[in-house]
Amino acid sequence: MESLRDNVSSHKHFILDGYNELGALRPVLFIPFSIMFIVSLSANSLLLYVVISQKSLHSPMYILIAGMACVDLSLPLFFVPNMLLSFLFDWRGISLSGCLVQMYFVHLLGAFQSTLLLWMALDRYFAICTPLYYHERMALQRFLKFVIPPLIRNVFMVMLVVSLAGSLSFCAANIVNHCFCEHMALVELACGSTAVNNLVGLLSVFLIPVADFITITASYIVIFSSVLSAGRSGVKALHTCITHIVVMIVSLTIILIAFLSYRIRNGLPVAIRVSFSIMYLFFPSCFNPIIYGIRTTEIRQHILKTLTCRHFVQTVPHS
C-alpha cells in the first residue's frame, strides 16, 4: 500500500512526447510551426490594430471580429512557444499544475472560437432579418443577454473538465503523447476509472461547439430564407455571412476530426491524431484573420491603407 501511494504521488511531472516517432527529424517541425506562429501573431495583431484605430469600424460586427482576433492572438501563446522550445531544445517536461493551467486556458480560449462565431451569427441575424431594430437589439445592455450565458457556460464547463482531470491519480505512466496538455491525452494516463471524465468531456463538446454550431446553422437558415424572399436587395447583406460560414465549416471539420480521433481507435497514426488536435486550435488563429481581412471589404481597404502608409513613411528620405 505504501509503495502504491509513493508511486501515485510521484507522478506530478509529465513529459510532453508529441511527434516522438519522428526521432531525429522532430526538430524540423520547428520551421513550419514557427512560420504559422509568426503569421498568426502578425495577422491578428494587424487586424486588431485596424479595427481599434479606425472609428468607422467601431460597429458591433467589427468589434466581434476584433474579439475573434484577440482570442486567436492569445490562444497560441499558451502552448506554441513551449511546443517550439520542445522541438528545438528537446525541453519536454511540465508539472501537473502547469499542465492543468495550460489545459484550462487552451480549452477555454478554444471554446470561445466557436462562441464568437455564434455571436457573429446573431449580429448578422439582427442586421438582415430585423434591420429596423438592429441598433436597439445590438445595444450593449440587450446584447449582454446573449453574451453572458455562453460566457458562463464556457467558463463553468472548462473548469469542471480541468478540475476532474486534476483529481485523477497518475500511477502508470507520465508520458503525454502530445505537444501540449490536451485533456484526453492526459486523462488516458490515469489509473482507475475515467468514465466520468470521458462523459463530462463528451458533454462539454456537445454543450459548447456542437450547440454553438447548431444555433449558428439555424440562424443562417433563417437568414438565407429572408434574403431569398427579399430578392436581389438582400444579396449584398449576405456577403459577410458567407465569410462566417466558410470559417465555421473549416473550424467544425477540424474540431470533429480531432475529437473523434481520440474516441474511435481505428489505427490512425498517433502523429496524425496529434496534428489534428493541434490544428483545431492553431489553424483558425492563422486562417481567421486572413479570411476576414480578404473577404470583408472595409477591413481589407483599411489594412491596405495601413500597410501602404507604413511603406510610404519608410521610403520617404529624412531631411
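The model is predicted, with local features needing pLDDT of at least 70 and side-chain atom pairs counting only at pLDDT 80 or more, while totals for chains, interfaces and linings use all residues. Residues are numbered from 1 along each chain as its sequence is written, and side-chain values use heavy atoms, leaving out hydrogens and water.

**Exercise 1.** Find how many cavities of 30 Å³ or more there are.

*Solution.* Start with the term: on a 1 Å grid over the protein atoms alone, a cavity is a set of points where a 1.4 Å probe fits but cannot get out. Next, a volume is the space filled by probe spheres set on the points, which are joined across faces, edges and corners. The count comes to three.

**Exercise 2.** Describe the largest cavity and its lining.

*Solution.* First, its volume: about 440 Å³. Then the lining (residues with an atom within 4 Å of a point): there are 24 residues, and His 107, Ser 204, Val 205, Pro 209 and Tyr 280 lie nearest the centre. Now look at the helices (DSSP runs of H or I, at least four residues, numbered from the N terminus): helix 5 gives the most, six residues.

**Exercise 3.** Work out which residues line the second largest cavity, and of what kinds.

*Solution.* This cavity has a volume of about 60 Å³. Its lining includes Met 68, Gln 113, Phe 213 and Tyr 280. Helix 5, helix 10 and helix 11 each supply at least two lining residues. Finally, sort by kind (Ala, Val, Leu, Ile, Met, Phe, Trp, Tyr, Cys and Pro are nonpolar; Asp, Glu, Lys and Arg charged; the others, Gly among them, polar): seven are nonpolar, four polar and none charged.

Conventions
1 Å grid on protein atoms, 1.4 Å probe; cavity = no way out; pocket = protein on both sides within 12 Å on 5 of 7 lines; lining within 4 Å.
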